[in-house]
Amino acid sequence: MQKNWISLGLMSGTSGDGVDASIIKTNGIDNYESIKDKYFEYDTDIYEDIHSLKEKIDKIEHLEIHKDEINNLERKITIFHAKIIEDMNISDDALIGFHGQTIYHSAKEKISKQLGNAKLLNQLTKKNIVFNFRNNDILNGGEGAPLTPVFHHLVSVQNNIKLPVCFLNIGGISNITIVYDKNNLFKLLSKDIGPGNCLIDTWVRKNSKKKFDKDGLLALSGTRNQIIFEQAQELYSNRKNKKKLSFDTNDFDISFVRGLNLEDGVTTLTDFTASIIGEELSSTLKKSEKKIQDILLCGGGRKNKILLLKIKENLSSKINLRLIDEYEIDGDFIESQAFAYLAVRSFKKLPISFPNTTGCNASSLGGDFIKN
C-alpha cells in the first residue's frame, strides 16, 4: 500500500493575474483526491510589475540588466505565496509544490526563469517546499514544458475517461496532451500549440481598464480586419522554429493589430488565436495513431465562449469540444492540482516528464526539495 501525501500546489500561469492554489491527497502514482481549491488574485502592484517586467525581458541578457527589479518583484511574489499557504491552513508535514511566476522561458537557451524564492518561502512558512520543476528536464535535452501531461494521464484513468482523449489547456499559452494508454506514460504526447489568452489579454490590458475579454463579449462586438488577419496567418505559417514544443508569451506580439480600435483588435486577435489552435489541433489529430473524438477543455480560456466557437469552426465536425467540468472536475484548477501531484512525484524521485511530452532525451525527475 503506497503512502498518501497531502500536497498544496501553487500555480501562477502565463496570464500573470494571480495564483491558483489546490490541496490534494495523493500517492504520487495512481490516485488523487481533490480537497480544496482557491484562487488568489494578485494585488494591482504585483500584477502591473509582472507585465511591465515581462515586456522588458525578451532576451536572456535582460535578466541581468533588470536584476534589481526582478529581485524586488520576486520578494513580493514570495511573500504573497506565503500568505496563501497560511490561508490554505495545511499540516506541517505536507508538501508545497511551488511553481512561481514565469518571467522568461527559452528552451533553446536552456533556461526557464520563475520568480519565487523557495528558501525565503520555507523560512516564512516552515513548510516542505518543492520547486524548480523545469530544470532537470531542460538539462536532459527537454524544453521544460508542458509538465502537466503526467497529471492529465491520472485524471483520465481515475475518472474513467474514454481513451484516447486530447486535453486542450487554454491559458496564456495553449497546450495539448493526448492520452493513449492507461498504463504506459511513455505513450503520452504533448506540446504547446500556440497562443491562448496572451494576445487577447495584452490587447485588452493596453487599450482599456480591463484585464481580459470576459466571455468574449468584446470580440462579439467587433469586426475582424481581414487583411491584417490574413497577413498574421501568413507570418505565423512562415515562422522559424516550427518544431518548438514549448512557447513563452514573448514568442508572440500584438504589433500587427496596432491602429485598430479596442473591439476590432480583440475580434481580429480572437479569430487569429482560434485559427492557430484549430489548425494545430487538426494537424496533430490527423497524425494520431488512433482516432480521437473528444477534446477536453481546461484553463481560463475555456470560459471565452466566442474563442471556443471560433476554434470549433476550424475543426472537423466529428470532433467534440467538451469542458472538463462535465466530469465534475474544475477546469480552473487542473494545473495547480498538477503541481501538487508533481511535488509528490518529485519527492518520491519519480519522473515527471517524458520524451514525447517535452522532447527530453529520457524520462526526467522533478523539482528540488527544501525540508521543513
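Start by selecting Asp332, which is partly exposed at a relative accessible area of 25% (buried is under 20% relative accessible area, exposed over 50%, partly exposed in between, with a 1.4 Å probe and protein chains only). Asp332 belongs to a network, joined by salt bridges that share partners, whose members are Arg302, Lys303, Asp325, Asp330 and Asp332. A salt bridge here is a side-chain nitrogen of Lys or Arg within 4 Å of a carboxyl oxygen of Asp or Glu.

Before you go on: this is a predicted model, where local features need pLDDT of at least 70 and side-chain atom pairs count only at pLDDT 80 or more, while totals for chains, interfaces and linings use all residues. Residues are numbered from 1 along each chain as its sequence is written, and side-chain values use heavy atoms, with hydrogens and water left out.

(Helices, H or I with at least four residues, and strands, E with at least two, are DSSP runs numbered from the N terminus.) Lys303 is partly exposed at 42% relative accessibility.

Now pick Asp330 and Arg302, which form a salt bridge at 3.8 Å, N to O. Those partners are 28 residues apart and link the loop between strand E11 (320-323) and helix H12 (334-347) to the loop between E10 and helix H11 (305-313). Is Arg302 buried or exposed? Arg302 is buried because its relative accessibility is 8%, whereas Asp330 is partly exposed at 34%.

Jump to Lys76 and Asp49, another salt bridge, with the closest N and O atoms 3.1 Å apart. Lys76 is partly exposed at 37%, and so is Asp49 at 29%. The count of salt bridges comes to 17.

Last stop: Asp294, in strand E10 (residues 294-298). With 14% relative accessibility, Asp294 counts as buried. Its side chain makes a polar contact with the side chain of Asn320 at 3.0 Å (a pair of N or O atoms within 3.5 Å; within protein, one must be able to donate a hydrogen and the other to accept it, and residues adjacent in sequence count only if both atoms are side-chain atoms).
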